[in-house]
Amino acid sequence: MACTLIGAIGDVDRFSNYLEYKKYLGVAAENKTSGTSVAKTRQTYEGVRDTRRILFLMVLVLISPNTKPNLFKIYYDRLVNGRGMSKRKAIGHVCGKIAQVMFSCLKNNCLYYPFVHAKQLGVSWGETAVNVIKLPDNIDELENDAEEMSEEIDSWPKIIELT
């Protein structure tokens, strides 16, 4: 998935805003018109088809029942249960949200922080929702073992390169 996205996106600086980026990925919304009337919106048919498929698969993984709680799953549930949106349409919205978050991280050259994202979504994301890595009780023993191993590795004979 990552290779497909990296290959398709290329240099993120060629996009001036995230709407261009979403349209290129094929997850932007566009008005569905017939004559002079605007009936509804739909997902665009433009963009790179493979990236749309990858984002769709990413959303299916993120919202599956076997996945741990995450912000995209909460966002999906809010769209389906709270707003009464159809599941397929909600998946498209979550694809757009993932694209928006990816664009922001790539453009600003920063990591994804779920706490910042939760604050912007208006979701309470406390420590109970995050699986915090718990340190084992015998951390001192593990640190001593690691130090012994590093000393042992330092004592190994060095490999000399022949030129």
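This is a predicted model: local features need pLDDT of at least 70, side-chain atom pairs count only at pLDDT 80 or more; totals for chains, interfaces and linings use all residues.
**View 1. Helix α4 and its surroundings.**
Let's start with helix α4, which covers residues 71–82. Its buried residues are L71, F72, K73, Y75, Y76, L79 and V80. Which helices do these buried residues pack against? Look for α3 (49–63), α5 (87–108) and α6 (114–121).

**View 2. K73, a buried lysine with no salt bridge.**
K73 is found in α4, and K73 is buried. How far away is the nearest side chain of opposite charge? That side chain belongs to D77 and is 6.4 Å away. A salt bridge requires a nitrogen and an oxygen within 4 Å, and K73 has none. What does the side chain of K73 reach instead? At 2.9 Å it meets the backbone oxygen of T67. Setting aside neighbours within four places in sequence, K73 is in contact with L62, I63, S64, P65, T67 and K68.

**View 3. The salt bridges.**
Side chains of opposite charge can pair when their charged atoms come close. This structure holds 2 salt bridges. One of them joins K107 and D13, with the closest N and O atoms 3.8 Å apart. K107 lies in helix α5 and D13 in the loop between α1 (2–9) and α2 (18–25), so this pair ties together parts that are 94 residues apart in sequence. K107 is partly exposed, at 33% relative accessibility, while D13 is exposed, at 53%.
D50 forms a salt bridge with R53, and here the closest N and O atoms are 3.6 Å apart. Both residues sit in helix α3, 3 residues apart, which is about one turn of the helix. D50 is partly exposed, with a relative accessible area of 44%, and R53 is partly exposed too, at 47%.

A disulfide is a covalent bond between the sulfur atoms of two cysteines. How many disulfides are there here? The count comes to 0. Take C110 as an example: the nearest cysteine sulfur, that of C105, is 4.6 Å away. The cut-off for a disulfide is 2.5 Å, so C110 is in no disulfide. C110 is partly exposed, with a relative accessible area of 37%. C3, at 67% relative accessibility, counts as exposed.

Notes:
Residues are numbered from 1 along each chain as its sequence is written. Side-chain values use heavy atoms; hydrogens and water are left out. Buried means under 20% relative accessible area, exposed over 50%, partly exposed in between (1.4 Å probe, protein chains only). Helices (H or I, at least four residues) and strands (E, at least two) are DSSP runs, numbered from the N terminus. Lys and Arg count as positive and Asp and Glu as negative; His and the chain ends are not counted. A polar contact is a pair of N or O atoms within 3.5 Å; within protein, one must be able to donate a hydrogen and the other to accept it, and residues adjacent in sequence count only if both atoms are side-chain atoms. Contact means heavy atoms within 4.5 Å.
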